[in-house]
Amino acid sequence: QVELVESGGGLVQAGDSLRLSCAASGLIFSFYAMGWFRQAPGKERELVAAIARSGITTYYTDSVKGRFTISKDNAKNTVYLQMNSLKPADTAVYYCAAKNHITGASYYTPRSEYEYDYWGQGTQVTVSS
């Protein structure tokens, strides 16, 4: 049984930092590309960052480039999202997602939520001004 468990969310002030973690179990983590999505109230879920199964290639949505960093530790079965210089616009529920990509290119970063096979329950991030 595959499980993704996010942690690290919370209430912070604008300009602060948070590091989200997503611990995976029940899968061969090195086979999986990972993504962090977020959904704010009244808005659609959007991809924030993605990392290839190899960990070599990353993707960021424009609004977080230079502020967020995604990383993948295959030894710990964990993907991280380091979020710096947080803004109120970053307030959302953050979800991690996993895509089995063992048959595909090791550098591929999935962009669509429909590509992902498994999802976590989400962690709330609230940034006050």
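Predicted model: local features only at pLDDT ≥ 70, side-chain atom pairs only at ≥ 80, totals over all residues.

Visitor: Which residues form a disulfide, and how far apart are their sulfur atoms?

Guide: A disulfide is a covalent bond between the sulfur atoms of two cysteines. Here the term is applied to a pair of cysteine sulfur atoms within 2.5 Å. Cys22 and Cys96 form such a link, with their sulfur atoms 1.9 Å apart. The link joins distant parts of the chain, since Cys22 belongs to strand 3 and Cys96 to strand 9 (residues 92-100), 74 residues apart. A search of the whole structure finds one disulfide. The link of Cys22 and Cys96 is right-handed, with 40 degrees about the S-S bond.

Visitor: Are Cys22 and Cys96 buried or exposed?

Guide: A residue is buried under 20% relative accessible area, exposed over 50% and partly exposed in between (1.4 Å probe, protein chains only). Cys22 and Cys96 are both buried. Ser21, also in strand 3 (residues 18-25), counts as buried because its relative accessibility is 16%.

Visitor: With which residues is Ser21 in contact?

Guide: Contact means heavy atoms within 4.5 Å. Leaving aside neighbours within four places in sequence, Ser21 is in contact with Val5, Glu6, Ser7, Trp36, Thr78, Val79 and Tyr80.

Visitor: In what order do the four strands of the open sheet stand?

Guide: Two strands pair if DSSP finds at least two bridges between them. The open sheet has the order 1-3-8-7, with antiparallel pairing. Strand 1 (3-7) and strand 7 are at the edges with a single partner strand each, so one side of each has no neighbour in the sheet. On average, neighbouring strands of this sheet are turned by 15 degrees against each other, direction ignored; the axes are lines fitted to C-alpha atoms, and angles run from 0 to 180 degrees between N-to-C directions. Strand 1 is joined to strand 3 by five bridges, and Val5 stands opposite Ala23.

Visitor: How many residues of strand 5 are buried, and which strands pair with strand 5?

Guide: Strand 5 (residues 46-51) is largely enclosed by the rest of the structure, because five of its six residues are buried. Strand 4 (residues 32-39) pairs with strand 5 in the antiparallel sense over five bridges, and Phe37 stands opposite Leu47. Strand 6 (residues 58-60) also pairs with strand 5 in the antiparallel sense, over three bridges, and Ala49 stands opposite Tyr60. Strand 5 and strand 6 form a hairpin with six residues between them, where Gly55 in the turn has a positive phi of about 85 degrees.

Visitor: Which residues have the most contacts inside the largest nonpolar core?

Guide: A nonpolar core is a set of buried Ala, Val, Leu, Ile, Met, Phe, Trp, Tyr and Cys residues joined through side-chain atoms within 4.5 Å. The largest has 29 residues, and those with the most contacts inside it are Met34, Trp36, Leu81, Met83 and Tyr94. A second, separate core of five residues includes Phe37, Leu47, Ala97 and Tyr116.

Visitor: How many aromatic pairs are there?

Guide: Rings of Phe, Tyr and Trp (its six-membered ring) pair if their centres lie within 6.5 Å; planes under 30 degrees apart count as stacked, over 60 as edge-to-face and the rest as tilted. By this rule there are four aromatic pairs. The rings of Phe37 and Trp119 have centres 4.8 Å apart and planes at 55 degrees, so this pair is tilted. Because Phe37 lies in strand 4 and Trp119 in strand 10 (residues 118-119), the pair ties together parts 82 residues apart in sequence. Phe37 counts as buried at 2% relative accessibility, whereas Trp119 counts as partly exposed at 26%. Ring pairs link Phe37, Tyr116 and Trp119 into a cluster.

Notes
Residues numbered from 1 in each chain as written. Heavy atoms only, no water. Helix = DSSP H or I, 4+ residues; strand = E, 2+ residues; numbered from the N terminus.
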